[in-house]
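New page in the notebook.

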Amino acid sequence: MLSFFRRKKPQTPADAAKPGSAQEHYSVEELAAAFPNTDEGETVAEPVTEPAPPASAMEPVPAEIIAAALEVEPTATVAAAEPVETTPAAPAPAGKPGWRERLRGSGFARSFSGLFSRHPRLDDDLLDEIETALITADVGVTATSQLIEDLRRRMKAREFADANALLAALRGDLLAMLAPVAQPLQIDTQAKPFVLLTVGVNGVGKTTTIGKLAKRFKDENRPLMLAAGDTFRAAAVAQLQAWGDRNGVPVVAQGQNADAASVAFDALQAAKARGTQVLIADTAGRLHTQQGLMAELGKIKRVLQKLDASAPHEVLMVIDGTTGQNALSQLRQFHAAVGVTGLVVTKLDGTAKGGVVFALAREFGIPIRYAGIGERPEDLRVFDAEAFVDALLPENLGA
Ligand SMILES: Nc1nc2c(ncn2[C@@H]2O[C@H](COP(=O)(O)OP(=O)(O)OP(=O)(O)O)[C@@H](O)[C@H]2O)c(=O)[nH]1
Ligand SMILES: [Mg+2]
C-alpha cells in the first residue's frame, strides 16, 4: 500500500473554487461522496444511462465507430474560433539509428533476408516467395494479397527492369500502408491536463511505456503526473512508483484493490489543482474476467469525463508486437469498449515478426504513435514508417 498523493494548497481563489482543490487530502467520506456506488463490481451512478458496447471479438469494427473515436471531442468551454494549441510530443531522436539494428532479428527481416538472392529472376516464383514471407511475418492474408496483386500486375505490365525495382515497389507499397497511421501524438496544451489513458492486455508493456513516456515528457519540460490505475496486481503500483521516482514525477496511488476509477478521479483533480500539463493513467491488463476489465476501463473513462468532458484526450493502446494476428482481435475489443485513439507497438526488437503493424494499419487506420524497440527509455521511438520499413526489408538484393 502506498500513500495517497497530497495536493498543493490552492494558489488562486479560482483554484479554491474548484471542487476538492482546497484540500490537502481526500477523506474516505469525500471519496465516497464522489463515488456513491463504488462497491466491487458496481458501476458509478451515472446520470446518463449508457448501454455497454457489445464485446464481440470477431465482428469488424464499423468505419463510423473508428471515425467517431478518432474525432476530437468538442469542449463546451473552448470557443470555436480559438485555435487549439498543440505541441508535437517528442520528435524522433536525431537521425534514425537503431531501427535496423533492433529489428534485424524480426521474423519479417529474417523472412526477407536472402530471399532476393535466392530468387533473382522476376517471375511467379519470386512473387510466391514474397507472399510466403509476408504471411509468415504476420502481415495477414488480406494485406498480403493486396500487396502481391499489385506487384503481379506491375510485373506483368513490365514495369520492373529487375528484382531490385520490384523490391523498391514493395517498399513503396508497404510504406503507403503505414504512412496514413504514422501520426505522432500531439499534446494539446490547452487541455490542462492532457489526459493519456493507457490500455492493453497484461504484459504488453503498458507500465514500461508509461515510464519511458514519463522520461520523454520530463525531458521536454512538461509538468507531468502519473496515476496508478492498475490496482489489481500487487506489484503494479510499486512498479509505476519506481518509474515516477526515477524521473522525479509525482504518482497518485491508492494501493492494491483500490477502485481504479477513484484513483483516476483523484489524480485528475490533483493534476488540475497543480496545473499539470500531462496526466498519464496506468490501468490493469487483466481482471478476474475480460468483461470485468472492459467495464472497469469504461468506468475510468466516464469518471474522468465528470471532471473534464473532453478527457481522456488520448486512449493509448499498447500492443505487444510478438502477439501476431491476435493483436487484431485485442484492438477490436478495446476499441469497442473505450475508443482507442492511438497505438504503441512494443517489443519489436525481440521475436516479433513485425508484420502485424501492417495488418493493424490496414484494418483500423488508428494512428500508431510509438514503437518499442528495446527496454531502455530511449528505445520508445516516435513511430517512423520509413525507418520501420527500411529496417524490415533487406538493404540490397545481396543481403
Ligand atoms: N524487449 C522489449 N521489452 C519490453 C518492451 N516494452 C516492454 N517490455 C518488457 O515487457 C515486460 C512487461 O512490461 P510491463 O510494462 O510490466 O507490461 P504491462 O502491460 O504493464 O503488464 P501488466 O501490468 O501485467 O498489465 C517487461 O519485462 C518490460 O521490460 C520493448 O519495447 N522491448
Ligand atoms: Mg502494468
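**Around the ligand**

I looked up which element gives the most to the shell around ligand 1, and it is helix α10 (residues 206-219), with 3 residues. My helices are DSSP runs of H or I with at least four residues, my strands are E runs of at least two, and both are numbered from the N terminus. The model is predicted, so local features need pLDDT of at least 70 and side-chain atom pairs count only at pLDDT 80 or more, while totals for chains, interfaces and linings use all residues. Residues are numbered from 1 along each chain as its sequence is written, with chains lettered from A and ligands numbered from 1 in the order in which they are written.

I found 21 residues surrounding ligand 1 (C-beta atom, placed from the backbone, within 6 Å of it). The closest are Gly 205, Lys 206, Thr 208, Gly 285 and Gly 372. By class I get 11 polar, 7 charged and 3 nonpolar residues in that shell; Asp, Glu, Lys and Arg count as charged, Ala, Val, Leu, Ile, Met, Phe, Trp, Tyr, Cys and Pro as nonpolar, and the others, Gly among them, as polar.

**The sheet**

Next I traced an open sheet of 8 strands with mixed pairing, in the order β5-β4-β6-β3-β7-β8-β9-β10. Pairing here takes at least two DSSP bridges between two strands. The edges are β5 (251-252) and β10 (380-382), each pairing on one side only.

Which way do β3 and β7 pair, parallel or antiparallel? Strand β3 (residues 194-199) and strand β7 (residues 314-320) run in the parallel sense over 4 bridges. I noted Glu 314 in β7 as the bridge partner of Leu 196.
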